[in-house]
Amino acid sequence: MESIHVGDENPGGKSLNFIEQIIEEELAAGKNGGRVHTRFPPEPNGYLHIGHATSICLNFGLAASYGGRCNLRFDDTNPSKEETEYIDSILADVRWLGFQWDGEVRYASDYFQQLYDWAERLILDGKAYVDDQPAEVISAQRATPTEPGVESPFRERDADENLRLFRRMRDGEFAAGERVLRAKIDMTSPNMLLRDPIMYRIMHLPHHRTADKWCIYPMYDYTHGQSDYLEGITHSVCTLEFEVHRPLYNWFLEQLTPAGYRPRQIEFARRNLTYTVMSKRMLLQLVREGVVDGWDDPRMPTISGLRRAGYTPESIRAFAAKVGVARREIAVDVSLLEFCAREHLNRIAPRVMAVIDPVRVVVESYPEDHTEWVEVENNPEDASAGTRRLPFTREIFIEREDFMEDAPKKFFRMTIGNEVRLKGAYIVKCERVEKDEQGRVTTIYCTHDASTRSGSDGGRKVKGTLHWVSAGEAIEAEVRLYDRLFKDEDPAGHKEVDFKEFLNENSLRVARHCKMEPGLVNARPGDRFQFQRLGYFCVDKSSRPDALVFNRTVGLKETWSKQNTR
Ligand code: ATP
Ligand code: MG
């Protein structure tokens, strides 16, 4: 497995982000014996998205650059929302991004017994109690940050009774919601999370790993800090919403563990992306309602969607490095992500000729029944990519929009009387066209200048160069032209309007019977190409040699503003 160093993505960039600064200060002071141990802790309740990807790159990147380790831990405390499908997808996504977690995959559920034992200890120490009140009452008694909360009538229950009741909760004697275990902290704290938070609730649901062993489940807040502690995490990097949880995590560790080593929580701001939504709830809604073709639809901001669209792990890591970390939440322009994709694909994607909206061209001066093999470069950015040969014939296809009858002066593509070069082949001149009853061009007739074959021509240059494929030799394919899923920069940011109101109805255009150069018959799902002059494309997972399907990753240039207003 390839290992990634933060520095690799940022050559020469020596300035440290605020998290690196903290780590380096601590290393200099000899804290934790020089260990750096981070973790990425997803909840398996959805697929990972590009925001998670930045967090993955950050956590694994920090471990790599300080010779440390990074755990992958599933925070699987809520059996009602979690599925193994999500676990499998998360494992695949982290690996695909190029990272390998330390040791085995961890699960918060690995610690259920330890957490339970600790809960009994808190009960015996008079620091936790069973509350018989329903959730709504408990929540109302918490009041607001400016008024003190109301203490539960069960708050002073004695330890033995609490222990008996807690064990009966564990043994399945109560229905869901009948009782909870709460920490006894401070009902007047200005931090609402310290107002006797719930530690355990009853859920008669099987768990994906512990099956029906438990019918009480620890709350996330009672689990997270101790899980970090048990794994020896030194730097618990998380998003800003957990800042207010930090005193609670610390409170539990103070009660339960000896003084000394503590994971240090460091918060950073979420990274959002324009023209999409990042909430798992909204993404799930798009999947369930069939707005998209699953979690890996190429329009989704999920890692699996980006992969299916043709993004490379390198481009996503480069994006994460460019975005960096900060304390202020920002929406990163999606064009930065697209830029990163283009930059990498430009270096690695073989060039091929593909005509998405073909129109027939007959080169009348060229002999019939003749096939000539012309040599073209596979990638001008990469000399080692070599060359390939394409069949040139009397009948070819070009892109319909590359011909214009009444062309403006600056139109350097094909128009009657004008010369253009067919990439890798000859200079041709359009003489006349044939149309159907609707006035649509059906055939373009050209002549060629036989002395201008690419590579051997006498240096004659013309303004326009077009891509083309031989009509007789071309293979057919379907091309899915994806666009942004939403028309609004921040679809989830409108209080009055549902985010789905902002869906872009033109986010997918399917082009069938596209014409491709013959070598593409060997293209396999996941292969990436630059269709010359059109953009970057990736073979879809559904593609078969006799029914090729390509997804557009990105165009060659930033074109959204144009497309958005068309
Ligand atoms: P949920 O509401 O289900 O908790 P979540 O997006 O926080 O959604 P988690 O599985 O808890 O999902 O996220 C795993 C990790 O990824 C967390 O540490 C979280 O802070 C981080 N993370 C989530 N979204 C982003 C984001 N947009 N930018 C950066 N980090 C993120
Ligand atoms: Mg979360």
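## The pocket and its ligand

A pocket is an open set of grid points, over the protein atoms alone, with protein on both sides within 12 Å along at least five of seven lines. In this predicted model, the largest pocket is the space taken by ligand 1.

The shell around ligand 1 consists of 16 residues, and those that come nearest are Glu-43, Thr-239, Arg-270, Arg-271 and Lys-280. Sorted by class, the shell holds 8 polar residues, 4 charged residues and 4 nonpolar residues. Two elements, helix H2 (50–65) and strand S10 (271–273), each supply at least two residues of this shell. The greatest contribution is that of H2, which gives 4 residues.

## Polar contacts with the ligand

Lys-280, one of the residues that come nearest to ligand 1, places a polar side-chain atom 2.9 Å from an oxygen atom of the ligand.

One open sheet contains 7 strands with mixed pairing, in the order S21-S18-S19-S20-S14-S17-S22. Its edges are strand S21 (465–466) and strand S22 (468–470), each of which pairs on one side only.

Within this sheet, strand S18 (residues 419–422) is joined to strand S19 (residues 427–435) by 3 bridges in the antiparallel sense. Two facing pairs can be named: Glu-419 stands opposite Lys-429 in S19, and Val-420 has Val-428 of S19 as its bridge partner. The strands S18 and S19 form a hairpin with 4 residues between them, and Gly-424 in its turn has a positive phi of about 80 degrees.

How many residues lie between S19 and S20 in their hairpin? There are 5, and the turn includes Gly-439, whose phi is positive at about 85 degrees.

## The sheet of three strands

Another open sheet is built from 3 strands in the order S1-S2-S3, and its pairing is parallel. The edge positions belong to strand S1 (37–40) and strand S3 (106–107), each pairing on one side only.

Strand S2 (residues 69–74) runs parallel to S3, and 2 bridges join them. In one of the facing pairs, Phe-74 has Tyr-107 of S3 as its bridge partner.

Methods:
Residues numbered from 1 in each chain as written. Chains lettered and ligands numbered in written order. Predicted model: local features only at pLDDT ≥ 70, side-chain atom pairs only at ≥ 80, totals over all residues. Heavy atoms only, no water. Near = heavy atom within 4 Å. Polar contact = N/O pair within 3.5 Å; in protein donor to acceptor, adjacent residues only side chain to side chain. 1 Å grid on protein atoms, 1.4 Å probe; cavity = no way out; pocket = protein on both sides within 12 Å on 5 of 7 lines; lining within 4 Å. Sits in = over half its atoms within 2 Å of the grid points. Nonpolar A, V, L, I, M, F, W, Y, C, P; charged D, E, K, R; others polar. Pairing = 2+ DSSP bridges.
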